[in-house]
Amino acid sequence: MHSAKETELKRQYLDLLAEKYDSEEKVATELISLASILELPKGTEHFVSDLHGEYHAFQHVLRNGSGNIKSKIHDIFDERLSEDDINELIALVYYPEDKIKLIKSNFDSKEARNQWYEDTIQQLLELVTHTSSKYTRSKLRKALPSQYVFIIEELLYKSNRYNNKNDYYSTIIRQVIDLNQADKLITGLANTIQRLVVDHLHVVGDIYDRGPHPDKIIDTLIDYHSVDIQWGNHDALWMGAYSGSKVCLANLLRICARYDNLDIIEDAYGINLRPLLTLAEKYYDDNPAFRPKKHPEKTPSASEQLQITKIHQAIAMIQFKLEGPIIKRRPEFDMDSRLLLDKVNYREQTLEINGTVYPLENTCFKTVDPRNPTALLEEEQEVIDRLLIAFQESEKLRRHIDFLMKKGNLYLRYNGNLLIHGCIPVDETGKMEGMMIDGQYASGRTLVDEFEAHVRHAYEHLNEQDDISTDLVWYLWTGKYSSLFGKRAMTTFERYFIKDKTTHKEEKNPYYHLREQESHVKYMLQEFDMDPEQGRIINGHTPVKERDGEDPIKANGKMLVIDGGFSKAYQSTTGIAGYTLLYNSFGMQLVAHQEFNSKENVLKTGEDELSIRRVVDEELERKLIKDTNKGIELQKEIDMLKELMTYRYMK
């Protein structure tokens, strides 16, 4: 039974709907359209993960649809074009502006150029027809370059059964060329093909850190036609920093210094690091443990490297100090073992861990008071306060964090699959692990929901600092029951100061070996109200070491891990440059990527850095839109329109 209030709200909604569909014919037309759409094949989903600022590699994967475009070009033209011509067409669709310039420079006559234009436009029109075959005309029209919709539609749907329009169609193409519109038309068609091969993009976490251009990745995603994001631990760090967590801010600045990516802070987001540099110059010298890692795109001078090394030490010590008060005021975090500054023997320069005393190397404790090790100097406090204000006042960063909050979640249930970046914390027996939050115990899905609620609260209350929400965003980065971190402790301090690598090891949550078991993955799916027989879990976060024989397809296909190492920092251990996943109406395919060399190589050769796709499974029956999340939403619209028909037009 509906309450009187619910009934009145529904009546008001139907009245509003009637303003849009103000005749019986309009309602009927929309009902026919929506019901028909439900019977179309589902669009292709594209899954990527752990982009880590590698903008150029991400752009390439996005432009080629993880090899989807190449496959469709071969489907159409294998028997009609040479291998060189096919590779040239592939490169043209990926990078149309650049490829057009290269091709045009090789023509020796206007006639040859015009013939290439005509042939290419026809080939691209064929590709548009092929890639749009499961879409409505209305959806295709929205994907076309708006300035050329009339021209393209005339050429796409041309009918010349009675030979009445030969000159008409020829004139369209000839006029496009004569009026110098061919380059723009070809570029528009190529971009349309890129858009049509992927209906929806899933980014399963970690856009930020390590690589040089996370800001460019987010700008690309903001303009993308259909996308969702599952936050990764590095994304949470940036969201936490913007939301008022100074310890998150210190962490991300330390990572930027470590990977020589401080340009992201200063140039991309316009945040002045001069106060931090002044502090660093005052207290720190060269230190081999804090020299930046080699950068793939630049080589700093000796003086620049020294500056970064000093900044790296300054912000690392601020980070270690800021962690202490959180650990002390949140005993429920169970992180007392990480109060390492309190445990250091400053006279002997040693640290005792689990009964073993280790000598400390490359220390930088000049700002540490042994009597109160986690106390910030007044000037350290001033620096981190000013940096936080600058972060929150960066217009570009605000826009990017707003987008992450709008499009993102900690997990997503989509078309029968569970997308989650990290893990679902469990113990060795597979039982859900949990913790106390605000006096209530939470585990499993409830725990992850609590984490997300606090991430959003921190974002919505920027002026609140050192509260439970900002503390929990940091806990997501480093806590042992975090669904994003997935390890028992983060050993950053030990990696800097202790030579013995046994202290560097970070023990993974049992989730990461239990996810090999089909029964455990099914249990996880049930915890999130997913069908354990039909569903899968799609993970990122942990690079798949293909070089060591690790398989990204686990638990008899119920678990798929798609972080193969976009980040160049991982590729020496993984042996590849990332996995992506395609899910169309026929089933799923996993794609392993080789290291992306350069756009220039693709333009010259058309060769694509992709290995052979692996079929995860094939649908027994082709999946239709009515079987998807989108279909559920369309069915709700249909039901409401049927009620409108009864309410207004069939009384």
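Which residue in strand 14 is the bridge partner of Asn 539? The views below lead to it.

**View 1. The whole chain.** This is a predicted model, in which local features need pLDDT of at least 70, side-chain atom pairs count only at pLDDT 80 or more, and totals for chains, interfaces and linings use all residues. Residues are numbered from 1 along each chain as its sequence is written, and side-chain values use heavy atoms, with hydrogens and water left out. The chain holds 28 helices and 17 strands. Helices (H or I, at least four residues) and strands (E, at least two) are DSSP runs, numbered from the N terminus. The C-alpha trace spans about 95 × 75 × 45 Å along its principal axes. A compact globule of 651 residues would have a radius of gyration near 26 Å, and the chain agrees, with 28 Å. That radius is taken over C-alpha atoms, and the globule rule is 2.2 Å times the number of residues to the power 0.38.

**View 2. Inside and contacts.** Of the 651 residues, 56% are buried. Buried means under 20% relative accessible area, exposed over 50%, and partly exposed in between (1.4 Å probe, protein chains only). Take the contacts (heavy atoms within 4.5 Å) between residues at least 6 apart in sequence. Of these, 73% join residues at least 24 apart.

View 3. Two strands pair if DSSP finds at least two bridges between them.

**View 4. Strands 2 and 3.** Strand 2 (residues 200–203) and strand 3 (residues 227–230) run parallel, joined by three bridges. Val 203 stands opposite Ile 229 of strand 3.

**View 5. Strand 12 and its side chains.** Strand 12 covers residues 536–539. Arg 536 and Ile 538 point one way, while Ile 537 and Asn 539 point the other way. Are these residues buried or exposed? All four are buried.

**View 6. Strand 12 with strands 9 and 14.** Strand 9 (residues 417–420) pairs with strand 12 in the parallel sense, over four bridges. Here Asn 417 stands opposite Arg 536. Strand 14 (residues 559–561) also runs parallel to strand 12, and three bridges join the two. The opening question ends here: Val 561 in strand 14 is the bridge partner of Asn 539.
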